[in-house]
Amino acid sequence: MPRLAVFDLDGTLVDSAPDIHAALDRLVAAESRPPFTRAEVTAMIGDGVRALVQRAAAARGLAFSESLLDAFTADYTARAAETTVLFPGIAAALDRLAAEGWAMAVCTNKPAAATAALLAALGLDGRFAAVGGGDSFPVRKPDPGHLLGTLRAAGGDPARAVMIGDHRNDVLAARGAGLPCLFAGWGYGTPAMAEGAAGIAASPSDLVPLLRDILP
Ligand SMILES: O=C(O)COP(=O)(O)O
Ligand SMILES: [Mg+2]
């Protein structure tokens, strides 16, 4: 069975904060509220779209509602790939892992529809053996069931798999599932969130050697 690398999406494979930021600004501008700073936005990413919109609404004195969530989700899904790109070095790392026989999957708290649209726009839709979105299973990260469900869909073996992510939720899901987690230090998380990770990759160019160390 091939080794499996399970990647988080936002802040790990893709720099999606600019499009998330733009969509949040459009949402609150419609309610005559001022825009966000990038730091405010990246601190709100990681627990899925409902938590994101709840945090954004609270930060701008708006009442959270299902219609606010639906408005954000529809707008963001349609425009998720306007400025979002892979972090520099990710394409080369994925190519290298594929060449070395690794299988790959995505486990993200971003809803599956926006995830699929984004991966297709980036030409990555054929790359992954499975994509587990934030609404693909009854649970999501930090619940290990999200990671284990994605791993199972990818046909992976938990003893031959590594999670790579930039948030505490990625480390917690991996630990709960009994997998090592490699922390993506270039993402939106803070250094404290790496606690419990098997290692920290400072940049995407460190990914392949560190993954080889973790799973020879
Ligand atoms: O949608 C989010 O909140 C974060 O998504 P991620 O799990 O890909 O980082
Ligand atoms: Mg992330």
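This is a predicted model: local features need pLDDT of at least 70, side-chain atom pairs count only at pLDDT 80 or more; totals for chains, interfaces and linings use all residues.

Author: Happy to! Leaving aside neighbours within four places in sequence, Asp166 is in contact with Asp8, Gly11, Thr12, Phe183, Ala184, Gly187, Tyr188 and Gly189.

Reader: Where is Asp166 found?

Author: Asp166 sits in the loop between strand S6 (161-165) and helix H8 (168-177).

Reader: And is Asp166 buried or exposed?

Author: Buried: Asp166 has 28 other C-beta atoms within 10 Å, and 20 or more is what counts as buried.

Reader: What does UniProt list for "binding site"?

Author: The unreviewed UniProt entry lists Asp8, Asp10 and Asp166 under "binding site". They span 159 residues in sequence, yet no two of their C-alpha atoms are more than 8.2 Å apart, so they gather at one spot.

Reader: Nice. Which residue does UniProt list for "active site"?

Author: That is Asp8, again according to the unreviewed UniProt entry. Asp8 is placed in the loop between S1 and S2.

Reader: Why does Asp8 count as buried?

Author: Because Asp8 has 29 C-beta neighbours inside 10 Å. Once neighbours within four places in sequence are left aside, the contacts of Asp8 are Cys107, Thr108, Ile164, Gly165, Asp166, His167 and Asp170.

Reader: Let's turn to ligand 1. Which residues come nearest to ligand 1?

Author: Of the 15 residues around ligand 1, the nearest are Leu9, Asp10, Thr108, Asn109 and Lys110.

Reader: What's the shell around ligand 1 like by class?

Author: There are four nonpolar, seven polar and four charged residues in the shell around ligand 1. Domain 1 and domain 2 each supply at least three residues to that shell.

Reader: Where do those domains run, by the domain assignment?

Author: The assignment gives domain 1 as 4-15 + 84-214 and domain 2 as 17-78. The contact between them takes 14 residues from domain 1 and 12 residues from domain 2. As for spacing, the C-alpha centres of domain 1 and domain 2 lie 24 Å apart.

Reader: Which helix gives the most to the side of domain 1 that touches domain 2?

Author: Helix H6 (residues 112-121) does, with three residues. Taken by class, the residues on the side of domain 1 that touches domain 2 are five nonpolar, six polar and three charged.

Reader: New topic: helix H5. Which residues of H5 are buried?

Author: Within helix H5 (residues 90-99), the buried residues are Ile90, Ala93, Leu94 and Leu97. Seen down the axis of H5, its buried residues fall within an arc of 100 degrees, so they line one face of the helix.

Reader: Why would spacing along a helix give a face like that?

Author: An α-helix has 3.6 residues a turn, so residues three or four places apart point the same way.

Reader: How far apart are the C-alpha atoms of Leu13 and Pro88?

Author: They are separated by 9.3 Å, with the two residues 75 apart along the chain.

Reader: Last one! Which helix holds Leu147, and which residues is Leu147 in contact with?

Author: Leu147 belongs to helix H7 (residues 144-153). With neighbours within four places in sequence left aside, Leu147 is in contact with Val6, Cys107, Lys141, Met163, Ala173, Ala174, Ala177 and Leu179. Leu147 counts as buried, with 34 C-beta neighbours inside 10 Å. The C-alpha atoms of Leu147 and Ala173 are separated by 6.5 Å, although these residues are 26 apart along the chain.

Definitions and conventions. Residues are numbered from 1 along each chain as its sequence is written. Chains are lettered from A and ligands numbered from 1 in the order in which they are written. Domain bounds come from an automatic or database domain assignment. Two residues are in contact if their C-beta atoms, placed from the backbone, lie within 7 Å. Helices (H or I, at least four residues) and strands (E, at least two) are DSSP runs, numbered from the N terminus. Ala, Val, Leu, Ile, Met, Phe, Trp, Tyr, Cys and Pro count as nonpolar, Asp, Glu, Lys and Arg as charged, and the others, Gly among them, as polar. A residue is buried if 20 or more other C-beta atoms lie within 10 Å of its own, exposed if 12 or fewer, and partly exposed in between; C-beta atoms are placed from the backbone. The arc is that of the directions from the helix axis to the C-beta atoms. UniProt positions are given in the numbering used here, feature names are shortened, and annotations may be inferred rather than shown by experiment. A residue is near a molecule or strand if its C-beta atom, placed from the backbone, lies within 6 Å of it.
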